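Hi,

Here is the structure I promised to pass on. Have a look at it first, and then read my notes below.

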Amino acid sequence: MSAGIVSYGVYIPKYRIRVEEIARVWGDKNNVAQNLNVFEKSVPDADEDTITISVEAARNAINRAGIDPTRIGAIYVGSESHPYAVKPTGTIVGEAIGVNSEFTAADFEFACKAGTAAMQACLGMVSSGMIDLGVAIGADTSQGAPGDALEYTAAAGGAAYVIGRDNLAAEIESTYSFTTDTPDFWRREGRPYPEHGGRFTGEPGYFKHVTNAARGLMKKMGTSPKDYDYAVFHQPNGKFPVRVAAQLGFTSEQIGPGLVVPRIGNTYSGSSLVGLAATLDVASSGDRIFMVSFGSGAGSDAFSIRVCDEIETIRNRAPLVEDYINCSQHLDYAVYAKNKGKLRL
Amino acid sequence: MRSVSIIGAGCTRFGERWDDSLRDLVVETGIMSIEDANVGGEEIDALYVGNMSGGRFVEQEHIGALIADCAGLTRLHVPSTRVEAACASGGLALRQAVLAVASGYSDIVIAAGVEKMTDVSGGTAADALAAAADREWECFFGATFPALYAMIARLHMHQYGTSHEQLAEVAVKNHHNGNMNPISQYHMEISVDKVLKSPLVADPLRVLDCSPITDGAAAVVLAPTEIAKKYTDTPIEVLATAQASDTLALHDRRDITTLDASVYAAKRAFKQAKLSPEDIDLAEVHDAFTIGEIAAIEDIGFFKKGQGGKAAEEGITHIGAKLPINTSGGLKACGHPVGATGIKQAYEIVLQLRGEAGKRQVEGAKIGLTHNVGGCGGTALVHIMSRR
């Protein structure tokens, strides 16, 4: 029985800060924006967090396909910035979007890939018939310590996917995961900012896992890059997804529509899922999309997706990724620092 | 004193060896060197290992016993000693090993060097390295090694008209050589323009003027020359081992563009070997920064003070030219696992003098020199080696 994406929705806060503004404050004169291929990043307002972003994205998904929320049997929210250490994000989202109490929920954490892990969990439950519809969300108000390399890219945003069996906007043909114990990036309990292994986050982290998951799925399915119209790779910066696409044999045209990081930064758990949404925003029925997420720690989930007729009907019933990207207001570092809670009063 | 020869040598691939621990690197190079020398474990009389900062980089001290343990030599209770002189730890280990054999106290002795640097962040590594400078009078006021060498470079430029293009030529040459060396950290050609446009570290030094952070290990096996032929057809005789010290802090120097420790170590080495700089066919010198190579080739006596930049620009130090410098790729391109560097330099000279350096072979090389510096010249070691 085929299962897949019934609907999707995104949310990206409207505030932006330019990477060169951050570089100005820290006295970095080394063309950081060009080097990262990230020019600005989204910034949450002072009262926005992973929960509000998740709710906005989920509402967009519900509205896009006119879904009756009481059909939803599971809500899994993947994030590394859940506002509560103990107290689920998913319950608040469920209440806010009008799901009745007959649903299961849990918060997921797997660095930047918890959202795709949530998608896989929903896919399993839907395929087995345990639930009718499941909502998988990847959202973050990611943290980068002031002055750290992460601060140039750590952004805010998220995407919600309603997973089901009927009226599919896109079928998930197959999924494959590759996971190892690799300490490339972490945040200990009680610490405000994550730490990372510098260059170790590259080859042994991102590239090893993304390429293994991608090749694993293509081998499992007997597909190759030319079988896909589009590809989306996790986007911690604007360089890694471009490089890994080339390594795997995907073209810049294939990754173009989904490469949103240069304009909004890295939305962490939202990153690959916002990229997928941007691709669904432009894809046509019959198109195939290849997506690979990456989460530090480390692992990658690869998906092969085939777009269905229904996409044309529902696409414009909710804001597109491009609508959010174009609705922007730039902040200076001072207001950004206030919004992000970097100023301790 | 007895004449001493190198009868075997080994060196790991240099680079970000993320899958290997300090122990793995020691075992890898130990096996290579022992197999190369055709010696058995029971023949080894002593071990010396250069290691700058196992405590800071991998939270492991007592590296002497550790390498004996890794080598399986604790069963024989072979004495093993760790020596430390910052980035000259490897060169110093070689010198201690040479002295042990020369004195007649030991026969077969291994000199090794190892550093595992990529387990910590770049900032932690930079701070560990800064411990080689004067912590109280330099580091507490914000100096790091790039900053100290940048000051040397600025004064060198001011006094002798050395240009940044000339500094860049050193990096271009060493990357070219390193590209031909299978153990190098970097296999990429660079251009003067690329060096000049690379990110600024400490004016005038840019990223491509600086050696990298590297994991790696190297080892050589020494024996009295009189029995060396029992083990190998191509023993490499150590004609001189010399060491000198200087002030730890740069600002206490007579002239900061000259590393007097290099000057004195070289003078002593040439006297010991009864040779002069003109007799040297090739040299591995301490190019932790591009200005380091320029200062070194002057301080050793290959070129007059102030002429090093010109020599680099004119290509005199290229393979195939008059005096090839850093055929391995140097610290710049081959990599700089600080405790291992001095031994890797000897490994390169051994390969060259044996005629086993492949594409980067210096034709007819008979006498080679190594120059290893600790800090910005608090310690310098010079060794001269010759094919028997």
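At roughly what angle do the axes of helix α4 and helix α14 of chain B cross? Before the reply, some housekeeping. This is a predicted model, where local features need pLDDT of at least 70, side-chain atom pairs count only at pLDDT 80 or more, and totals for chains, interfaces and linings use all residues. Residues are numbered from 1 along each chain as its sequence is written, while chains are lettered from A and ligands numbered from 1 in the order in which they are written.

Now the helices. The axes of α4(B) (residues 89–102) and α14(B) (residues 341–354) cross at roughly 65° and come within 5 Å. That makes α4(B) roughly perpendicular to α14(B) (angles under 35 degrees count as roughly parallel, over 145 as roughly antiparallel, 65 to 115 as roughly perpendicular and the rest as oblique). Axes are lines fitted to C-alpha atoms, for helices over the stretch in contact, with angles from 0 to 180 degrees between N-to-C directions. Helices (H or I, at least four residues) and strands (E, at least two) are DSSP runs, numbered from the N terminus.

On the α4(B) side, the touching residues include Ser89(B), Gly90(B) and Leu92(B), and α14(B) brings Thr341(B), Gly342(B), Ile343(B) and Ala346(B). "Contact" here is two residues whose C-beta atoms, placed from the backbone, lie within 7 Å. By class, this contact has five nonpolar, five polar and no charged residues (Ala, Val, Leu, Ile, Met, Phe, Trp, Tyr, Cys and Pro are nonpolar, Asp, Glu, Lys and Arg charged, and the others, Gly among them, polar).

Chain B also has an open, mixed sheet of nine strands, in the order β3-β2-β4-β7-β1-β8-β11-β10-β9. β3(B) (80–83) and β9(B) (282–284) stand at the edges with a single partner strand each, so one side of each has no neighbour in the sheet. From one strand to the next, the twist averages 25°. Strands pair if DSSP finds at least two bridges between them; β2(B) (residues 44–50) and β3(B) have four, in the parallel sense. One example is Tyr48(B), whose bridge partner in β3(B) is Thr81(B). Helix α4(B) lies across several strands, among them β1(B) and β4(B), and runs at about 170° to β4(B). Helix α10(B) (residues 260–273) lies across β8, β10 and β11 of chain B, at about 145° to β8(B).

Over in chain A, an open sheet of three strands has the order β3-β2-β14, with mixed pairing. β2(A) (residues 15–18) runs antiparallel to β3(A), joined by four bridges, and Tyr15(A) has Val43(A) as its bridge partner in β3(A).

Chain A is divided into domain 1 (4–169 + 317–339) and domain 2 (172–311); these bounds come from an automatic or database domain assignment. Their contact takes 48 residues from domain 1 and 42 residues from domain 2. Within the domain 1 side, α5(A) gives the largest share, six residues. That side divides into 26 nonpolar, 16 polar and six charged residues.

And between the chains? The contact takes six residues from chain A and six residues from chain B. As for confidence, the predictor gives the complex an ipTM of 0.71 and a pTM of 0.86. Chain B averages a pLDDT of 97, with 100% of the residues at 70 or above (pLDDT is the predictor's confidence in each residue, from 0 to 100).

Cheers
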